Amino acid sequence: MAFKLTYATMFNPPEELHKGFDAAVLRLKQNLGKEYGMIINGKDVFAEEKLEDRSPVNTDWVLARMQKGTANHAQQAIAAARNAFPAWSRTPWQQRVRIVRKAASIIEQRIFDLGAAMALEVGKNRMESLGDVQETADLMAYSALMMEQNKGFIKPMGKDPLVGYDGTNTSVLRPYGVWLVVSPFNFPFALTGGPAGAALVAGNTVVIKPATDTAWIVRLYAECLRDAGFPDGVVNFVTGPGSSLGQALVDSKDVDGTTFTGSFDVGMRLFRDFAQRNYVRPVILELGGKNPAIVSRHANLADAATGIVRSAFGLQGQKCSAASRVLVEEPVYDALVGRLKDITDKMVIGDPTERTTNLGPVINQSSYNDFKNFNEEINQAGGRFLTGGHVRTGGMYDKGFYCEPTFVTDLPFDHRLWQYEMFLPITTIGRVKNLDKAMEIANSVNYGLTAGFYGSLAETEWFFDRIEAGVTYANRPQGATTGAWPGFQPFGGWKGSGASGKNGGGLYYVQLYMHEQIRTLIKPAALGKTARKAGPKRRAAPGKTSRKIVKKAARKTGRR
Ligand code: NDP
């Protein structure tokens with residue numbers, strides 16, 4: 001079978017992937033520190049103030065100089081998107097599908113350079129970095145495929161049983177207008193490209209606002225779209241602080257819909273602020289998680305341990321889908337904990353571009369400080385560190401934000417950190433008497449994003465039926481709670497983890513970017529099946545069949 005990169009297959013990549021990635025890192029390192037504009041109406045736009053984008057791998061490395069856009073730039077981008085909307089929305093859907101597919105193929109062609117940039121800017125290890133880029137291409141291609149399989153969402157509906165008339169009813173899904181895409185730092189490519197691809201193929205124009213920590217890689221994404229040939233103004237890209245430029249975008253009355261992926265607090269605020277217009281606009285929110293992995297006494301403990309470690313510490317625990325809580329049935333608790341420790345102790349922390357590295361740095365100084373503070377809090381509360389608990393120091397570690405993969409045991413279940421999304425490589429492990437108790441704890445949080453289970457086949461149905469989460473896995477060593485892929489595991493959350501109830505990369509996603517218009521068209525029956533050739537003038541002399549219908553209709557209505 002040919003190799004297909006997904007988050008489930010990335011653990012055994014072919015050698016070419018490593019070679020391609022290594023060469024790209026060398027190329028990229030020759031060329032760091034360039035200035036990049038925003039892209040508004042197809043042009044590079046520069047702000048007065050700049051933001052220096054430094055690598056969390058080594059903060060001496062300036063990766064790029066980005067623009068500190070203002071509220072004024074937000075308005076310009078929205079105006080450009082608004083101007084471009086009429087023509088883009090009327091562009092035949094087949095043409096939109098073609099351009100979105102072209103963008104996806106450009107992304108794939110550039111996967112190594114983009115993956116290398118991702119590793120340097122986000123701190124993801126090489127396979128996670130390449131995965132984010134490939135996922136983006138696949139998300140965009142999937143939205144294009146859905147548009148195509150549904151024939152542009154133009155669908156004939158039932159025919160009214162009219163007498164004397166020939167009526168047709170058609171359901172058409174049509175774009176909303178200007179769509180705002182606000183993305184987080186941790187999957188900057190996929191969580192910009194997934195929503196943007198769906199919005200664009202549906203016929204909306206977009207304004208993209210990336211996280212400030214990952215503005216460079218999203219600029220490289222915007223360049224892929226630019227090079228695919230979207231007309232000017234269809235794709236706009238602005239950079240700057242969420243609190244000023246981001247807020248101006250959210251507050252604009254000229255935005256018609258938005259997709260926000262990020263933290264619960266910022267997302268809920270956006271939801272409320274976005275309601276300040278004279279009618280309701282669509283808001284797709286993809287928010288945080290506090291994802292449980294439940295381990296039954298019947299579990300395969302080797303699979304459970306492998307899957308849990310991968311999901312707890314992949315991308316340094318900074319995944320919305322990270323396994324941040326582990327609930328283990330008493331009889332297998334000690335055995336599982338032993339295995340978790342054995343695997344974690346072998347993990348390599350370091351430069352994420354290196355082939356052997358498992359964990360790179362966390363994203364910034366603030367997350368690094370949080371890591372230290374949470375560990376202090378855990379310590380005070382009586383939690384024990386099965387692994388980790390410290391930042392790494394000395395040598396290259398002093399240049400970046402390196403944290404140890406940390407499993408915590410014995411933290412009382414009523415401690416706030418069993419509920420709070422830390423978004424770091426810290427996972428709490430708890431011992432439970434039985435599976436019902438595990439399920440009660442698993443569901444007792446505000447979130448409902450992903451969840452994992454390890455147990456007997458008979459128990460898996462019980463798990464799927466009761467767990468409150470949008471993405472669920474059973475007996476998966478490739479990742480207990482992480483590793484969803486478009487077309488395989490569409491991704492989205494319940495409860496405080498998401499607002500649309502439909503998962504990205506799935507069957508019902510692209511429809512969220514369109515509203516339905518029903519088109520009822522009535523023609524006189526003479527223009528229908530029986531006398532289609534007669535034309536308007538000859539309606540006065542209908543053929544035999546239509547004359548009968550007209551007479552019957554006249555009797556019914558009392559007219560002659
Ligand atoms: P944040 O909520 O801090 O930021 C997300 C985005 O919102 C950034 O682009 C940020 O810009 C912007 N922003 C901040 N304030 C405003 C504002 N007032 N108006 C408009 N935009 C604003 O999240 P993180 O980037 O730290 O990402 C981590 C979070 O994302 C976690 O909670 C994680 O669980 C969640 N997430 C959810 C996913 C899902 O699919 N459910 C997937 C991935 C992550 P700036 O950086 O400039 O502040």
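Is V432 buried or exposed, and at what relative accessibility? V432 is buried, at 2% relative accessibility; buried means under 20% relative accessible area, exposed over 50%, and partly exposed in between, with a 1.4 Å probe and protein chains only. The legends below take this residue and several other sites in turn.

The model is predicted, so local features need pLDDT of at least 70 and side-chain atom pairs count only at pLDDT 80 or more, while totals for chains, interfaces and linings use all residues. Residues are numbered from 1 along each chain as its sequence is written, and side-chain values use heavy atoms, with hydrogens and water left out.

**View 1. V432 in strand 17.**
V432 is found in strand 17, residues 426-432. Helices (H or I, at least four residues) and strands (E, at least two) are DSSP runs, numbered from the N terminus. Not counting residues up to four places away in sequence, V432 touches L327, V328, E329, E330, F413, K437, A438 and I441; contact means heavy atoms within 4.5 Å. F21 is 411 residues from V432 in sequence and 44 Å from it in space, C-alpha to C-alpha.

The backbone of S183 places a polar atom 2.7 Å from an oxygen atom of the ligand. For F185, a backbone N or O atom lies 3.2 Å from an oxygen atom of the ligand. S263 uses its side chain, with an N or O atom 2.6 Å from a ligand oxygen atom. A polar contact is a pair of N or O atoms within 3.5 Å; within protein, one must be able to donate a hydrogen and the other to accept it, and residues adjacent in sequence count only if both atoms are side-chain atoms. On its own the ligand has 920 Å² of accessible area, of which the protein covers 86%. Accessible areas come from the Shrake-Rupley method with a 1.4 Å probe, and for residues only the protein chains shown count as cover.

**View 2. The shell around the ligand.**
There are 31 residues around the ligand, and T212, Q247, S263, L287 and E421 come nearest. A residue is near a molecule or strand if one of its heavy atoms lies within 4 Å of it. Helix 8 gives the most to this shell, with four residues. By class, the shell has 15 nonpolar, 13 polar and three charged residues. Ala, Val, Leu, Ile, Met, Phe, Trp, Tyr, Cys and Pro count as nonpolar, Asp, Glu, Lys and Arg as charged, and the others, Gly among them, as polar.

The largest nonpolar core has 78 residues, and I107, L200, I208, W216, F230 and Y513 touch the most other members. Such a core is a set of buried Ala, Val, Leu, Ile, Met, Phe, Trp, Tyr and Cys residues joined through side-chain atoms within 4.5 Å. Leaving aside neighbours within four places in sequence, Y513 is in contact with residues including R174, P175, Y176, W179, T259 and I284. Another core, of 29 residues, lies apart from the largest one and has V391, C403, F453 and A469 among its members.

**View 3. T481 in a loop.**
T481 lies in the loop between strand 20 (471-474) and strand 21 (494-495). T481 counts as buried, at 0% relative accessibility. A polar atom of the T481 side chain lies 2.6 Å from the backbone oxygen of S321. Beyond four places in sequence, the contacts of T481 include N291, P292, S311, A322, T450 and Y473.

F274 lies in the loop between helix 9 (264-273) and strand 12 (283-286). At 1% relative accessibility, F274 counts as buried. Apart from residues up to four places away in sequence, F274 touches V250, V255, D256, G257, T258, R281, P282 and V283. The C-alpha atoms of F274 and Q247 are 9.8 Å apart, with the two residues 27 apart along the chain.

**View 4. Two residues with positive phi.**
Most residues other than glycine have a negative phi. K151, which is not a glycine, has a positive phi of about 50°. K151 sits in the loop between helix 5 (126-149) and strand 6 (154-156) and is exposed, with a relative accessible area of 57%. Q316 also has a positive phi, near 60°. The loop between helix 10 (301-313) and strand 14 (323-329) holds Q316, which is buried, with a relative accessible area of 0%.
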